[in-house]
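Q: Can you walk me through this one? I'd like to start with the terms.

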Amino acid sequence: MTASQIFFLLFASATLVAAYLVVTVRNLIHAALWLVASLLGIASIFVLLDASFMATVEIVLYIGAIAILIVFAVMLTRRVMEDVGPQRTNTWWFGAILAILFFASASTLIWLTQWPTLPEGDVGNTVLILGKSLVDPSKYVVPFEIASVLLIVALIGSIAVALPSKQSE
Amino acid sequence: MIPLAWYLTFAAALFCLGLYAVLARQNAVAILMGIELMLNAVIVNLIAFWRYNEPENVSGQAFAIIVFAVAAAEAAVGLALIISIYRRRETVMAEEIDMMKW
């Protein structure tokens with residue numbers, strides 16, 4: 001077992017434990033903080049995969065923006081979120097069975113399949129290639145621009161949805 | 001050398017934890033957290049396939065960046081909807097948000 005395998009098992013188990021606590025813990029603020037820990041573990045998995053830019057984006061965008069947004073949402077809806085009443089639906093066992101079945105079938109398929117091994121050599125300067133291909137008309141400039149339009153639409157749409165209506169004041 | 005199957009199994013486990021959260025949690029914010037976990041599992045798969053199949057071509061990373069943008073948009077709109085529902089109905093429990101049920 002090489003050092004990278006040991007690191008992978010360490011990071012993966014930490015991430016999965018944090019993700020398990022995200023879905024089971026009662027207090028939602030704690031769940032959001034465990035989500036931050038789990039995202040940090042995923043960022044370290046990206047480092048193991050030589051995707052340094054993805055690890056940075058994971059930390060800056062997911063932990064810095066989305067997880068903080070979720071913490072704000074938990075705080076803004078805090079009164080009903082006091083730890084009274086059940087946090088699970090009545091049919092939670094159905095969800096658990098479905099998730100376990102899905103994991104069993106997916107992992108069986110994964111371990112039965114012959115996967116390619118890691119290619120030899122360094123990946124090179126992927127950040128440079130990625131940056132160029134995202135603005136290259138023969139590559140990914142159209143999805144890139146559509147994604148930016150989507151972000152603008154989501155920004156304006158979420159402001160319009162969350163704004164208090166005139167009648168309620 | 002880490003086999004690709006390890007990454008895929010890890011991503012499958014993460015996806016199933018998110019699936020459980022979406023199906024079993026009552027709170028709408030907790031459901032959104034489950035969706036975030038599922039999206040992250042998908043991104044791990046994309047990056048792993050990129051690294052093991054053709055690292056000289058960055059299509060996997062470009063795809064993952066688009067998924068990041070969609071995840072950010074989804075989180076923003078979803079949380080705005082939750083806050084709007086909370087303001088009108090004083091609840092964020094998924095079972096009590098049944099205006100569209102008939």
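A: Two residues are in contact if their C-beta atoms, placed from the backbone, lie within 7 Å. Helices (H or I, at least four residues) are DSSP runs numbered from the N terminus. This is a predicted model: local features need pLDDT of at least 70, side-chain atom pairs count only at pLDDT 80 or more, and totals for chains, interfaces and linings use all residues. Residues are numbered from 1 along each chain as its sequence is written, with chains lettered from A and ligands numbered from 1 in the order written.

Q: Which residues of H1(A) are buried?
A: Phe8(A), Phe11(A), Ala12(A), Thr15(A), Ala18(A), Ala19(A), Val22(A) and Val23(A) are. Buried is 20 or more other C-beta atoms within 10 Å of a residue's own C-beta atom, exposed is 12 or fewer, and partly exposed is in between.

Q: Why are they on the same side of H1(A)?
A: Because they cover an arc of only 135 degrees around the axis, counting directions from the helix axis to the C-beta atoms.

Q: And which are exposed on the other side?
A: Ala3(A), Ile6(A), Leu10(A) and Ser13(A).

Q: What do the buried residues of H1(A) pack against?
A: H2 of chain A, together with helix H1 (4-24) and helix H2 (28-53) of chain B.

Q: New topic: how many residues of chain A are in contact with chain B?
A: 73 residues of chain A, with 63 residues of chain B. H4(A) gives the most to that side of chain A, with twelve residues.

Note on methods: Helix = DSSP H or I, 4+ residues; strand = E, 2+ residues; numbered from the N terminus.
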